[in-house]
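Hi,

Here is the structure I promised to pass on. Have a look first, and my notes follow below.

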Amino acid sequence: MLFRSIAGLIGMCCFIVGLITMETFQPVKEICDERNSELFYMCPLCDKDCSYWTLTKSCDYATVSHLFDHEGTVFFAVFMSLWATVFLEMWRRREISLAHEWDMLHFEEQFEPPRPAFVTKAKNKRPNPVTGKLEPYIPFSLRAGKFTCGFIIVSFMVLLVIATLVGVVIYRAAMVAVLSAFPDEDIQKGARIITSLTASVLNLVAITVLGVVYEKIAVALTEWESPRTRTEHQNILTLKLFSFQFVNMYSSLFYIAFFKSSRIVGYPGNYNRIGAGRMEGCDPSGCFIELCIQLAVIMVGKQFINSISKFAMP
């Protein structure tokens with residue numbers, strides 16, 4: 001328990017450091033200095049209705065960005081990489097020691113019988129190479145065909161997630177352009193925050209709906225493939241769920257963290273576009289706040305939806 005609390009303690013210390021240095025960080029001071037409002041003009045955020053804007057409008061965004069993105073964040077990232085590795089190794093050692101203590105190291109391979117569903121569907125029998133007794137089996141060609149069909153369906157669902165992400169990216173670009181051209185200056189300042197919040201909620205809805213649909217598909221596919229043992233059934237189902245949920249949950253985070261940059265957006269005179277609209281770029285202070293908003297909405301929203309569903313559908 002103490003070992004698991006260390007990561008939270010280090011993270012809290014890094015957050016406090018960012019909170020203390022938030023007002024004294026030199027780039028933030030220069031961005032928020034109203035005397036610099038006529039020194040740093042930025043290019044319009046859309047093609048027609050947006051005008052040039054001063055960098056001081058990004059003061060609040062830059063201040064909050066430093067709260068989460070400073071020198072201590074780099075230290076925390078390195079620490080978490082080492083901590084996660086050590087934690088997993090200690091967990092694995094504890095698991096193996098308990099399995100050895102309870103004499104369960106090779107239980108699955110030696111003693112696990114075939115699933116009743118497998119015995120029902122397996123019409124052919126062949127002698128066991130060890131015991132010589134006849135046991136049910138499904139020909140390899142039939143199982144390979146089923147696995148191939150399952151792989152195609154899983155790939156289609158993954159591509160559907162990527163298509164949903166592209167739709168959210170288009171929504172972001174259109175929403176930033178509309179809010180940046182809005183006559184109210186307060187809305188112009190909060191255009192990126194409003195866009196990030198609404199896009200994150202839309203992405204959460206898509207993640208939830210696709211996750212529910214795919215879970216039913218994955219269970220049906222696994223039953224159709226007829227794994228021999230319960231452990232094999234669980235491993236195949238876990239692989240299907242993990243491969244999809246990884247893309248479904250983290251594709252938007254990967255886009256913001258690694259792809260939403262000047263290389264994707266382009267530069268003045270050579271902007272990259274989706275259809276007729278420009279790609280949405282990061283704030284001059286970076287995309288870290290958008291990443292935090294996306295992560296918070298997904299994680300908190302998923303927990304909230306799961307809690308509601310457990311009470312509504314016992």
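**What I found**

Glutamate 290 is buried, with a relative accessible area of 0% (buried means under 20% relative accessible area, exposed over 50%, partly exposed in between, using a 1.4 Å probe and protein chains only). Before going on, a word on the source: this is a predicted model, where local features need pLDDT of at least 70 and side-chain atom pairs count only at pLDDT 80 or more, while totals for chains, interfaces and linings use all residues. Residues are numbered from 1 along each chain as its sequence is written, and side-chain values use heavy atoms, with hydrogens and water left out.

Back to glutamate 290, which sits in helix α12, residues 288-312 (helices are DSSP runs of H or I with at least four residues, strands are E runs of at least two, both numbered from the N terminus). Contact here means heavy atoms within 4.5 Å.

As for α12 itself, its 25 residues reach 36 Å from first C-alpha to last, close to the 36 Å expected at 1.5 Å a residue (the expected span is 1.5 Å times one less than the number of residues). Its buried residues are Ile289, Glu290, Ile293, Gln294, Val297, Ile298, Gly301 and Lys302. An α-helix has 3.6 residues a turn, so residues three or four places apart point the same way. The cover over the buried residues of α12 includes α3 (59-68), α7 (140-180), α9 (191-225) and α10 (230-259).

Helix α9 also holds alanine 218, which counts as buried at 0% relative accessibility. Alanine 218 touches Leu237, Lys240 and Leu241, again not counting residues up to four places away in sequence. Glycine 150 lies 68 residues from alanine 218 in sequence, and their C-alphas are 8.5 Å apart in space.

Now the whole protein. It has 12 helices and 8 strands. The radius of gyration is 26 Å, well over the 20 Å that the globule rule gives for 314 residues, so the protein is more spread out than a compact globule (the radius is taken over C-alpha atoms, and the rule is 2.2 Å times the number of residues to the power 0.38). Along its principal axes, the C-alpha trace spans about 90 × 50 × 40 Å. Of the 314 residues, 33% count as buried.

Cheers
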